[in-house]
Amino acid sequence: MNFYGLTSKRNSASKSRVGKRRATSGQRPTEMLKNWYVWIILGLFWAFCITFTKEFQSIYTYRSILLLAVPIVFAALGETVVIISGGFDLSVGVVVSAATAIASVTMGINPVLGMVLVLVFGLAVGAINGLGVVKAKIDSFIMTLGTMFAVNGLALVIRPTPGGYIDPAFSRLMLYTVYDFPITTFILFLAIGVTGVLLLQRKNFGREVFAVGGDKEKARRTGINVDRIEFLAYVISGVSSAIGGLILAGQINTGDAEIGLPYLFNAFVAVVLGGTLAGVGGFLQVIPAVLLMASIRSLIRFLEMSTWYDFVVKGAFLIAVVAIQQRIAKRGS
Amino acid sequence: MSAVLEAESITKDFPAVRALDNVSFLLEKGEICGVVGENGAGKSTLLNIFLGIFPPTKGEVRIRGEKADIKSPAQAREKYGIDGVFQAPISIPTLNVAENLFLGKESMFYKRGLIDFGELHDQARRVLNGLNLDIDVTLPAGTLTAAELKLVEFAKALNHNPEIIVLDEVTAPLEREAITRLFEILKNLRKEGKTVIFVSHRLKEVLEISDRCLVLRDGKLAGRVRTEDVEEEDLVELMTGQRRGLSFPERDLGKRREEKEESLLSVRGLSVVKPTVLKNINIELRRGEIIALAGLRGQGQSELLKCIFGLVPNYDGKIYLHGKKVEIKKPVDAIRHGIVRISDDKEREELCLTLSVLRNMSLAKVSRQSKWLINPKEERKNAETFVSMFRIETPSLDQQLLNLSGGNRQKVVLSKWLQVKPEVLLADQPTVGLDVGTKIEVYRILRDLAKGGLSILTVLTEMEEVLNLPDRILVMREGGIVRELTAEGLKEDELLRSYFEEE
Amino acid sequence: MSKTVKRLSAETKQTLLILIVFLALFVTARILQPKFWTIEHLTFWLWDLSLLGILAIAQTIVILSGGIDLSTGAIYFFASGICGALTAVTGDFSLPFVAALLLGVLLGAINGIGVAKWKVPPIIMTLGMLIFLSGLAFIVIGPAPKGGAHPMLIGLSKGSTYAWIGVGVLFILISERTTFGWSVRSIGSNPTASHVSGINVERVTIQVYMISGLLSALAGLFYLGWARTPYIAFTVSAMGVDATIRSVAAVLIGGTLFIGGLGGFERTIFGTLITGTLFALIRMFGLGQEAILITEGVVLLGIVYVYLRIYHR
């Protein structure tokens, strides 16, 4: 390809923005901050906790944080993809509960069967959500609200009271530690973290999700199959939450149809804290946010405060974070 | 003679209007063809058909001799080799320049199944460097200036190596030097045997770069000329030609000249820096007078009206009503002083589409009245008065506004504002998108209102309206008022020239 | 017949559909259980529904303004708990009553300020408030139900049906005949146009959420009067989330969608009645909570889908 000289006028008066055109050395710190602030907050929080509490100086604490975090991070992945694509998924919590319920009932027959059924279930819920949003053109909030009701009911039918049978080998695997290091949990966390980041940042699909969330109509004009992208987003959410539920079932060794709601809350707050909006954000910041959620929970437990403080803190946190994000966005424009 | 693109009897109908009527022409390989016409003549519609946005209602397009059924922009690009730059940007603001350049094609950069961003950015830089564009490819597209965005989209189009390049008003945001270089590129493309379709309002540019010109008027092909055979005036004549049959109400100029009245509305030294530039605007508007803000689109006319109405927070300058200074910082201040505005962006700023006609009509009044109770009967009566006065076509007052046609919606908007009994009406393109019949009605209404004492400051884009509706014309360019003309007796080419002329 | 149907406006079609669905369910209930249509039973049934009814009205005004209030259920329980606790301490009627209502208004005001001034999207603001209050309620009131209901409140609570009807009528009037009501709908339909037309969008928005908080608290007081103790379940799901999403579902089933400005209080009342009839029917079949949830979800989605088809989205 042979191109010829074409200069965009760089030195006319209105270009007070010349400085901004390149990532000059002055720009780097702000850019870095924007992409890593959640890690920094997490670091500061841990530093604070280590200084002032005994518990955070012990390795067991971090182990339990990781255990707590794993199901949340799976639910958060789904929510992240959906929100970036421009929608909402209210059903992640109930999918987690239903997954534990299904596992607790089917694993008795055959553990592998149980796992497969859980995955199929997640896929089914995701597909239903996807169809409703894409084909029936129902607003994602309403659609996932409806599935939230229905799946909740379904979970209660399967598992009216907590209990059931989770394959002991599976449970052991989930809680497996080597010299006190929770190896399965760690691998799972790492795996989903890496998958989530790579999927969104480094795959065609991920880029298209951002495009759809950024401007649906323009994305369509560019030839992107918007319907397919949206549909897949909800399917990913369903499957991911189901896996999270499966892991949780292994951890607590029961099925519980009512356990999911805090997972919706925590996943949602983590995703929002990670700076996720339609068309912007990424899983890289959601990961520390999830760890932060789990850490706050642990801290509250150690301080022997009622677990309800967990909710108080997170509720206020959610509002504060978004208010601040809005402030910053306004000042930037 | 190898015709690379042939259009045969292309007709395009939209719900309210026939945008193209039996247009036929052919383009050769290796030529640059300019397309000119007034606002609404059909230029963009024609391009959109070639770019695959929508198909023609009637007629056929042939590419390199074969019938072409262009179903989508992607198909236009891949199958037929047609690509170009739209008038409205197509870049996703939240993605960065590199990502936008290769949107949809990221798999080209897969290394072991994952996008290699290093390679993506490098390639993007290479593409931009080819045009000597010094833009950081990691910047979000939303932060680029209009000019930079246009150039990036141009680079993107060229990167697909199209045979036919379509450019819709690309020079609008560019500076002179960039335009010169752009033209050099176009000439080189021509040498390579590519075909360029160049649409522009700027006649001088079209004459400079094109080999031939197509002139559209009211959706019909008014002329097909070789550029070397024509001058600017000839193009203007072809563009304007026969009247559409628009009739305008008589002006009352005799009366105006006698009453040496004080200004009702005085704007002195209005200047703004953000978001658009306005430079030292001075306007004296008298009672019952209609003044038109004219000029090319986007020269600050709409922003000026927004300022007077309180939608722009920081401006320098003063506004006087009846000789007294007034503070207008938000719309509600303006309304309180009897100044109202009809927006050009009706869907965003005027219309509550899901509400009924009745509710829309009472929208401005509702907030103004001191009583907190509403008497629905009274509101209905008022609304009905306006419906009959303006001949608004609606089965009932409770009909949802989105079921009304554009013209009727416009009348509802007008009724809404008249209900607060204003003294000044700021009308931003009040007739855009309306059919001829409705336009005539709106002109009559506006003139009657002016006769009744309402002062009107309006932004008009169509030449005919500018010449026939107002009493005075203020031509704006780049945020300032460059000419003041009396409408009576003004000739069209003189007006058109004032739009383009250098000071 | 289908030609006549086509000529009707979308809104009329929706109204007809709601009426038909309601009557169909109502009649089916009668067929399955003849006693359903006795005055005795109906009065009880309405009374049972009245709390949800009031919550749904609170939700309606917020949705009409273009937002949503996910904290209604939490304010509901929180207010009832505070009133109960205060009653145990003071033994008075009016002080706890008024204090609880003021609390609802205050919490609503915070929601409103978050949405209007801090520009936090309503979903997030009220979700945050829901999460926050869920925790706070337990901490402040404690897992063991403290306090009780004043005898006067107990008596008052028996008449909650009248309160529901009263509130319903009041808001229908407000919606049709006050500048406030008209402003709320315009904001829901197009906030920019409303602002440009001179409506004080911020102030109206805050007022809307304050009303929602007030009504939610009122419903909570009636709840206390019925339950005699501020019953607070140990699981979060009972804690306000259920009540909230039920109120949203009732509004949606009634036909006030997020399209903004459409629908209204009459529709919500029918939505509540339809929900109530569904509950009754399910109970008649001897099924429990699970069946209710599943049916509610399916019905919600089904009916919203039909509404969307009617409105041609």
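# A tour of chains A, B and C

Start with chain B and select strands E6, E9, E10, E3, E11 and E12. In that order, these 6 strands make an open sheet with mixed pairing. The model you are looking at is predicted. Colour the edges of the sheet: they are strand E6 (82-85) and E12 of chain B, and each of them pairs on one side only. Now look along the sheet. On average, neighbouring strands are turned by 20 degrees against each other, direction ignored.

**Inside the mixed sheet**

Select residues 32-37 and 195-199 of chain B. These are strands E3 and E10, and they pair in the parallel sense over 4 bridges. Show side chains for one facing pair: Val35(B) stands opposite Val199(B) in E10(B).

Move on to residues 212-217 and 220-226 of chain B. Here strand E11 pairs with strand E12 in the antiparallel sense, over 6 bridges. Val215(B) faces Gly223(B) across this pair, the latter in E12(B). Next, zoom in on the turn. The hairpin of E11(B) and E12(B) has 2 residues between the strands, and Asp218(B) takes a positive phi near 55 degrees there.

**Helices across that sheet**

Which strands does helix H5 of chain B lie across? Select residues 146-159 to see: H5 lies across E6 and strand E9 (164-168) of chain B, and runs at about 170 degrees to E6(B).

Then select residues 176-191 of chain B. This is helix H6, which lies across E3, E9 and E10 of chain B. Its direction is at about 145 degrees to E10(B).

Strand E1 (residues 3-13) and strand E4 (residues 58-63) of chain B run antiparallel and are joined by 5 bridges. Within this pair, Glu6(B) stands opposite Arg62(B) in E4(B).

**Two domains of chain B**

Zoom out. Where they touch, domain 1 of chain B puts in 9 residues and domain 2 of chain B puts in 11 residues. On the domain 1 side, helix H8 (residues 232-240) of chain B gives the most, with 3 residues. By class, that side has 3 nonpolar, 3 polar and 3 charged residues.

Now pick Pro249(B), in the loop between H8 and helix H9 (253-258) of chain B. Is this residue buried, exposed or partly exposed? Pro249(B) counts as partly exposed because it has 16 C-beta neighbours inside 10 Å. Leaving out residues up to four places away in sequence, Pro249(B) touches Tyr443(B), Arg444(B) and Arg447(B).

For a contrast in setting, jump to Lys324(B), in strand E17 (residues 324-326) of chain B. Lys324(B) has 9 C-beta neighbours inside 10 Å, so it counts as exposed. Draw a line from Lys324(B) to Trp372(B): these are 48 residues apart in sequence and 31 Å apart in space, C-alpha to C-alpha.

Select chain A. It holds 14 helices and 2 strands. Its radius of gyration is 22 Å, close to the 20 Å that the globule rule gives for 333 residues, so chain A is as compact as a globular protein of that length. Of those 333 residues, 53% are buried.

The contact takes 40 residues from chain C and 36 residues from chain A. On the chain C side, show helix H6 (122-141), helix H12 (241-254) and helix H14 (289-310): each supplies at least two residues. H14(C) gives the most to this side, with 14 residues. Colour by class to finish: the side of chain C that touches chain A divides into 28 nonpolar, 8 polar and 4 charged residues.

Key. Residues numbered from 1 in each chain as written. Chains lettered and ligands numbered in written order. Predicted model: local features only at pLDDT ≥ 70, side-chain atom pairs only at ≥ 80, totals over all residues. Contact = placed C-beta atoms within 7 Å. Nonpolar A, V, L, I, M, F, W, Y, C, P; charged D, E, K, R; others polar. Pairing = 2+ DSSP bridges. Rg over C-alpha atoms; globule rule 2.2 N^0.38 Å. Buried ≥ 20, exposed ≤ 12 C-beta atoms within 10 Å, placed from the backbone. Axes fitted to C-alpha atoms, helices over the stretch in contact; angles between N-to-C directions.
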